[in-house]
Each structure stands twice: as structure tokens, then as C-alpha cells.
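Welcome! Take a moment to turn the model around on your screen, and then we will walk through it together.

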Amino acid sequence: MLLNAYLNFNGQCDAAFKFYQQVLGGKIAFRLTNKETPMAEQTPPDRQDKIAHIRLELDGGVLMGSDCPPDYFEKMQGMVLSINVDTIADGARIFNALAKNGTVKMPYEKTFWAASFGMLEDQFGTPWMVNCEKDG
């Protein structure tokens, strides 16, 4: 069994996934807009270029998403994406990049359970935890 996160956006999915690919690495392996689907004719003109489905393949995981129809979009809550890294420096790089234009909930620093840990909400409203259990 493979469990993957699937993120819904309110029109910013393409920008978010380009940002995640830049920050996290990996490769956008699949990208489909509404105008490329069999439902294109039933999709309003302002939604044609929105993402119907996208898949970012990462080393050890997959992140998927789409732009919800506006009537179905709800702000993410009650969940957090957790990234575990091997070094404090790599965690700091990822944390700081994700935090740009976002909101830091807990600074990236040493805790009693981790060499370094931090929480944030990125500029797209996605909540993240970055965790480094031990450096190196």
C-alpha cells in the first residue's frame, strides 16, 4: 500500500506545484488541465487552464493535487504535510524556502525530540512540518 497526499487548491495549483518542485526537487510527472480532459466542453472558460490533476514524484514519495471547482474548495485544516530530512542544513533550506511569503507557526530549531523541527503554512495555504531527527 502507498499512501499519498492530495492537495486541493482554489486556482493556484500550477503555481504551487512549480514552487514545490523547485523547493523539494523531484519531477512533475503528470499535468492535466481542464481543457485537456473529456469534460472540457462542460468546463467554464475561466477554468479551462486550471489543473484537473498533477503529480510530483519525489525521492521517496508522491504529491498530487488539483484546482477544485470554486464551490467545493475548503481551506486546508486538520492535516499537515510532514517532511523528514537527513541534515539540519537541508531542513533549514526547505523550511526557509517554504516559509517565504508564508507564515511560520514554529521556528525551525532544536527540540527535545529532534535535532531541528519547525512548522509553517506556505504562501498557498499548505501546512508543513520539517523534521530532522538527527544531523547526518
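## A tour of the protein chain

The protein chain exposes about 8300 Å², and carbon and sulfur atoms supply 52% of that area. Accessible areas here come from the Shrake-Rupley method with a 1.4 Å probe, and for residues only the protein chains shown count as cover. Please keep in mind that this is a predicted model, in which local features need pLDDT of at least 70, side-chain atom pairs count only at pLDDT 80 or more, and totals for chains, interfaces and linings use all residues. Residues are numbered from 1 along each chain as its sequence is written, and side-chain values use heavy atoms, with hydrogens and water left out.

Here are some values for the whole chain.

| Property of the protein chain | Value |
|---|---|
| Span of the C-alpha trace along its principal axes | about 55 × 25 × 25 Å |
| Share of contacts (heavy atoms within 4.5 Å) between residues at least 6 apart in sequence that join residues at least 24 apart | 51% |

Now to the elements. The protein chain has 2 helices and 8 strands, and from the N terminus on they run β-α-β-β-β-β-α-β-β-β. Helices (H or I, at least four residues) and strands (E, at least two) are DSSP runs, numbered from the N terminus.

Strands of a sheet pair through backbone hydrogen bonds, either parallel or antiparallel.

Look closely at β1: 5 bridges join it to β4 (residues 61-67), and these two strands run parallel. Within this pair, Tyr6 stands opposite Met64 in β4.

Finally, visit Asn101, in the loop between α2 (88-99) and β6 (103-109). Asn101 has a positive phi of about 65° although it is not a glycine. Is Asn101 buried or exposed? Asn101 counts as exposed (over 50%), because its relative accessibility is 60%.

Definitions and conventions. Two strands pair if DSSP finds at least two bridges between them. Buried means under 20% relative accessible area, exposed over 50%, partly exposed in between (1.4 Å probe, protein chains only).
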